Amino acid sequence: MKTEAEKIAPTATNINFKSEEYFVNMGPQHPATHGVLRLLLTIDGEIIKKVEPDLGYIHRSIEKMCERNSYQQIVHLTDRMDYLSSHINNEAVCLTVEKALQLEVPDRVKVIRTIIGELTRIASHCLWWGVMGMDVGALTTYFYGFRDREMINDIFEETCGARLTMNYNIPGGLMWDIHPNFVKRTKEFVAHFKTKIPEYDRLLTGNIIFQKRMKGVGILSKEDAISFGASGPVARGSGYSCDVRKHHPYSALDKVTFNEALKTEGDSLARYQVRIQEMWESLSIIEQLIDNIPEGDYKVATNTVIKLPKGEYYQKVETARGELGVYIVSTGTKNPYRVKFRSPGFSNISLLNHIAVGGKIGDLVATMATLDIVVPDIDR
Amino acid sequence: MNNNELQELIGSWFPNPEVTIASVVVEENQESSDLSTEKNVEKITAKEGINPSLLSFTEEDSEFLTILVKPEHLHSLMKQLKNNPKTQFDYLYCLTGMDWGKELGVVYHLESTVYRHQLVVKVNTEDRENPVFDSVCDIWKTAEFHEREVFDFFGIKFNNHPNLKYLFLTEEWEGYPLRKDYVDEVNMVIK
């Protein structure tokens with residue numbers, strides 16, 4: 001005869017720690033999502049079973065707005081997609097319109113566009129590096145990254161009049177010529193930043209805690225990278241050579257030599273290293289061009305009302321996040337019939353579930369940081 | 001592969017039944033030792049051999065070779081394009097929903113990372129009430145999100161999609177915003 005205590009006491013057979021999966025909301029107001037992105041996590045303890053992004057919190061329907069605007073107006077809307085690559089977004093639309101009009105812009109325009117594009121890329125990677133450190137708990141990096149980005153923003157402010165949404169490109173060229181200080185200050189920045197990337201490495205890259213957070217986490221294979229339509233540093237960290245600047249050069253990028261940063265490991269650390277390497281390559285591109293800005297006009301005249309010939313036009317460029325495609329369908333009127341922006345962030349977020357499953361919640365934050373998400377770019 | 005070679009190869013996957021019948025008839029006639037007709041058989045180019053009711057090619061108004069395919073053959077064509085060792089279109093870089101006014105459609109931009117050739121595939125339907133195409137998620141994983149985006153804004157449904165629900169819009173949203181006949185008097189500025 002068992003006592004009451006014996007009846008309810010656990011024995012080897014009646015212990016049943018049933019693990020239960022449950023949902024946790026990450027975001028839409030979460031510092032690590034860098035904007036209003038909501039992730040629905042299905043977790044079992046600390047282990048992630050499923051990540052489902054819920055998008056649309058900042059969707060402005062830019063594609064629909066484009067359908068009622070003129071081609072000059074569309075350019076300004078693209079600033080608000082990936083605001084860290086605003087110059088490159090503007091360039092993409094301008095290149096598409098120029099392609100449709102069969103308009104050859106002066107060499108001066110091409111070179112200036114490329115220099116500012118690469119400065120934009122460095123500025124974007126500086127910001128990414130700062131918040132990347134912050135996401136894994138190293139608050140100091142934020143201030144170092146922003147210190148150097150500030151110098152670039154000052155250059156932009158002088159030449160373009162704005163620091164973030166620059167609106168410097170127009171179909172046919174540039175809004176106005178570069179500021180007399182532009183060359184001098186860009187050279188100063190290049191000299192300055194060359195001493196700072198090694199500092200970044202000393203501060204974060206070699207840090208043993210950081211390395212352990214990054215190595216072997218969030219692995220993406222090359223085949224999956226292609227299948228998921230990944231692009232930019234995310235894909236190049238998996239050994240997939242996809243740099244639009246190499247494969248489909250635009251502006252003055254066919255005149256410069258640079259190496260495509262490639263890593264084959266496919267983990268978070270590889271994506272991190274690709275971006276650090278890209279900053280060096282961008283510096284090299286700027287150095288090759290900054291002393292050779294050709295003389296000439298800064299724009300060619302276009303009609304006040306631009307009408308594209310009937311047809312379909314596609315142009316891709318490499319933003320700091322990857323491949324941005326602009327697809328314009330024209331029926332020959334002053335407004336486009338349909339505009340589609342193939343944004344790099346949208347394809348890159350779609351593989352988050354694939355690489356985060358099986359990992360821990362803490363690793364998800366670190367993995368997302370290496371995807372370098374900008375939410376308005378995903379939502380458009 | 002250049003556009004002509006691509007067109008020839010892809011066209012050969014969709015032979016024109018009438019051409020095949022014609023050539024069989026000609027072959028039977030060969031027994032009457034008519035050598036000139038035998039040469040004519042070889043001259044039948046792939047372009048004529050394509051079944052025009054299944055797909056058609058165009059290079060007009062676009063820098064890419066464009067295929068217009070019937071919805072029921074979309075999936076088999078896409079599977080061939082991805083898996084055939086000569087085409088290997090393994091990179092679907094853009095998937096766009098379209099409202100052509102009367103028809104609804106989807107535009108697929110494809111590139112091969114091996115050969116670097118590019119191709120555009122279009123598929124259209126006149127059914128605006130219940131437009132349905134086959135999903136290509138099983139061929140390119142990126143299609144899962146892009147097709148959900150098209151479902152949001154155009155109301156185009158995709159067969160065999162693993163998770164077809166609104167991605168951007170809220171569940172109670174009415175209408176399909178990127179369609180040309182969408183009306184929202186409060187939030188839309190119409191010029």
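Modeller: Five strands of chain B form an open sheet in this predicted model. Their order is β1-β2-β5-β4-β3, and the pairing is mixed. Two strands sit at the edges: β1 (55-58) and β3 of chain B, each of which pairs on one side only. From one strand to the next, the twist averages 20°.

Strand β1(B) runs antiparallel to β2 (residues 66-69) of chain B, and four bridges join the two. For one pair to find on screen, take B:S56, whose bridge partner in β2(B) is B:L68.

In total, 23 residues of chain B are in contact with 26 residues of chain A. On the chain B side, β3 (91-99) and α6 (143-154) each supply at least two residues. Strand β3(B) gives the most, with six residues. By type, the chain B side divides into 12 nonpolar, five polar and six charged residues.

Step back to chain B as a whole. Chain B has six helices and seven strands. Along the sequence they follow the pattern α-α-α-α-β-β-α-β-β-β-β-α-β. Of the 191 residues in chain B, 34% are buried. Among contacts in chain B with a separation of 6 or more, 52% are between residues 24 or more positions apart.

The C-alpha trace of chain A spans about 100 × 50 × 35 Å along its principal axes. Of the 380 residues of chain A, 49% count as buried. For contacts in chain A between residues at least 6 apart in sequence, 71% join residues at least 24 apart.

Two helix pairs in chain A are worth a look. Packed helices are described by the angle between their axes and the distance between the axes.

Take α6 and α7 of chain A to begin with. The axes of α6 (residues 140-160) and α7 (residues 182-205) of chain A come within 11 Å and cross at roughly 170°. An angle over 145 degrees counts as roughly antiparallel, so that is how α6(A) and α7(A) lie to each other. From α6(A), the contact includes A:T140, A:Y144, A:D148, A:M151, A:I152 and A:I155. From α7(A), it includes A:F182, A:R185, A:F189, A:F193, A:Y200 and A:L204. The residues of this contact of α6(A) with α7(A) divide into 10 nonpolar, five polar and four charged.

A:N167 has 16 other C-beta atoms within 10 Å, so it is partly exposed. Leaving aside neighbours within four places in sequence, A:N167 is in contact with A:H76, A:D79, A:N90, A:A162 and A:M175. The C-alpha atoms of A:N167 and A:L308 are separated by 21 Å, and these residues are 141 apart along the chain.

The other pair is α4 and α5 of chain A. Helix α4 (residues 86-101) and helix α5 (residues 107-135) of chain A pack with their axes 8 Å apart, at an angle of about 140°. Helices α4(A) and α5(A) are therefore oblique to each other. In this contact, α4(A) uses A:H87, A:I88 and A:E91, while α5(A) uses A:R113, A:I116, A:G117 and A:T120. The contact of α4(A) with α5(A) divides into two nonpolar, three polar and two charged residues.

Stay with α4(A) for its length and setting. At 1.5 Å a residue, its 16 residues should span 22 Å; the end C-alpha atoms of α4(A) are 23 Å apart, which agrees. Of those 16 residues, 14 are buried, so α4(A) is largely enclosed by the rest of the structure. Just after α4(A), A:Q102 takes a positive phi of about 55°.

Finally, back to the part you asked for. The chain B sheet has β1 and β3 as its edge strands.

How values were computed. Residues numbered from 1 in each chain as written. Chains lettered and ligands numbered in written order. Predicted model: local features only at pLDDT ≥ 70, side-chain atom pairs only at ≥ 80, totals over all residues. Axes fitted to C-alpha atoms, helices over the stretch in contact; angles between N-to-C directions. Parallel < 35°, antiparallel > 145°, perpendicular 65-115°, else oblique. Contact = placed C-beta atoms within 7 Å. Nonpolar A, V, L, I, M, F, W, Y, C, P; charged D, E, K, R; others polar. Buried ≥ 20, exposed ≤ 12 C-beta atoms within 10 Å, placed from the backbone. Pairing = 2+ DSSP bridges. Expected span 1.5 Å × (residues − 1).
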